[in-house]
Each structure stands twice: as C-alpha cells, then as structure tokens.
Amino acid sequence: NSDGSIDVNGNVNLYDMNLTELPLKFNKVSGDFDCSYNKLTSLEGCPSYVGGSFNCSYNCLTTLENSPKKVYGSFNCYVNKLVNLKGIGEVKGLGIHCIQNPLESLEGYNGDLSKLYCLNKEKLIRKTKLKLLKEFYL
C-alpha cells in the first residue's frame, strides 16, 4: 500500500518466533492474525482489520493500543501485563479473552460484557460503573 503497509489474503502466523516487534506493518488480514508467544511490548504494526481471529497472547503487552480496529473472530490477549482494555477495537466474533492479566479496570471496552472473559469480571464491572457514576456527578 502507499503507506508501506501490506494486505494479506489469508492468515498471518507469527506464533513463537521470539519477536520483540512485528516485522512488517499490516493493514488488512482476511483470515486469522496470530502473534502469540513472543516478546512483544507493543502492537505497533498490527493490522487495522482482521477477518478472522486475533491472538496476541503470551507477550509482554501493557496496552492494547495499535490493536485492530475491527476483528470478526475472537480477540485473545491472555497472559500479558494489561491493567485495562484501552485501545481495543470492535470485536464482532465470539468474544474477548483476557484471562491472566492484572486488570484493574475495564476502561476502554465498550462492547457486550457477556462476550468478555476475564478474572474478577463482576468486580471490574462494578468498579467501572462506580467510576462512571462519580465522573457523571462531579
């Protein structure tokens, strides 16, 4: 593409390649995008659109900034260092799986809560609602 990014008709498999950053700048991927089991600290270079599932699990991510704007399959970000969900885009598929992250809030997530899978989900929902109420009344 004119911005130096690439479109992929099919899947992208960067699973367990010992990557500290993505090797290319992706734009659209029609299938699945898997960059799990690496040493990524950033999602810079991730596609903006994924027609299948997106998997960035088992990395060293502290933010979901630069994650895809649209994912039509599931969004998997297990076992990272995420404290919130800022930066997550729209997930049309089966759900968002963020178990084994030290989440402190659900900030950044505006989707269907029944499709969100994380530890202490109910506690995080209450905490997020309380914060919104406080902001509304202040």
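Of the 138 residues of the chain, 41% count as buried, where buried means under 20% relative accessible area, exposed means over 50%, and partly exposed lies in between (1.4 Å probe, protein chains only). This is a predicted model, in which local features need pLDDT of at least 70 and side-chain atom pairs count only at pLDDT 80 or more, while totals for chains, interfaces and linings use all residues. Residues are numbered from 1 along each chain as its sequence is written, and side-chain values use heavy atoms, with hydrogens and water left out.

The secondary structure comes to 1 helix and 11 strands; helices (H or I, at least four residues) and strands (E, at least two) are DSSP runs, numbered from the N terminus. The order of elements from the N terminus is β-β-β-β-β-β-β-β-β-β-β-α. The radius of gyration of the chain is 15 Å, close to the 14 Å that the globule rule gives for 138 residues, so the chain is as compact as a globular protein of that length. That radius is taken over C-alpha atoms, and the rule is 2.2 Å times the number of residues to the power 0.38. Along the principal axes, the C-alpha atoms fill a box of roughly 45 × 25 × 25 Å. The accessible surface is about 7900 Å², and 52% of it belongs to carbon and sulfur atoms; such areas come from the Shrake-Rupley method with a 1.4 Å probe, and for residues only the protein chains shown count as cover. Among contacts (heavy atoms within 4.5 Å) between residues at least 6 apart in sequence, 4% join residues at least 24 apart.

How are the strands arranged? Two strands pair if DSSP finds at least two bridges between them. Strand 1 (residues 6–8) is joined to strand 3 (residues 26–29) by 2 bridges, and Ile 6 has Phe 26 as its bridge partner. Strand 3 is in turn joined to strand 5 (residues 49–50) by 2 bridges, with Lys 28 opposite Tyr 49. Strand 5 then pairs with strand 7 (residues 70–71), again over 2 bridges; here Tyr 49 stands opposite Lys 70.

Another open sheet has 6 strands in the order 2-4-6-8-10-11, also with parallel pairing. Its edge strands, strand 2 (12–13) and strand 11 (116–117), each pair on one side only. Within this sheet, strand 8 (residues 75–76) and strand 10 (residues 96–97) pair over 2 bridges, and the bridge partner of Phe 75 is Ile 96.

The loops hold two residues with positive phi. Tyr 58, in the loop between strand 6 (54–55) and strand 7, has phi near 55°, although it is not glycine. Its relative accessible area is 33%, which makes Tyr 58 partly exposed. Together with Tyr 15 and Tyr 37, Tyr 58 makes a nonpolar surface patch of about 290 Å². Patches are made of residues with over 30% relative accessible area and no salt bridge, with like charges joined within 9 Å and nonpolar side chains (Val, Leu, Ile, Met, Phe, Trp, Tyr) within 5 Å; a salt bridge is a side-chain nitrogen of Lys or Arg within 4 Å of a carboxyl oxygen of Asp or Glu. Val 79, in the loop between strand 8 and strand 9, has a positive phi of about 50°. Val 79 is partly exposed, at 23% relative accessible area.
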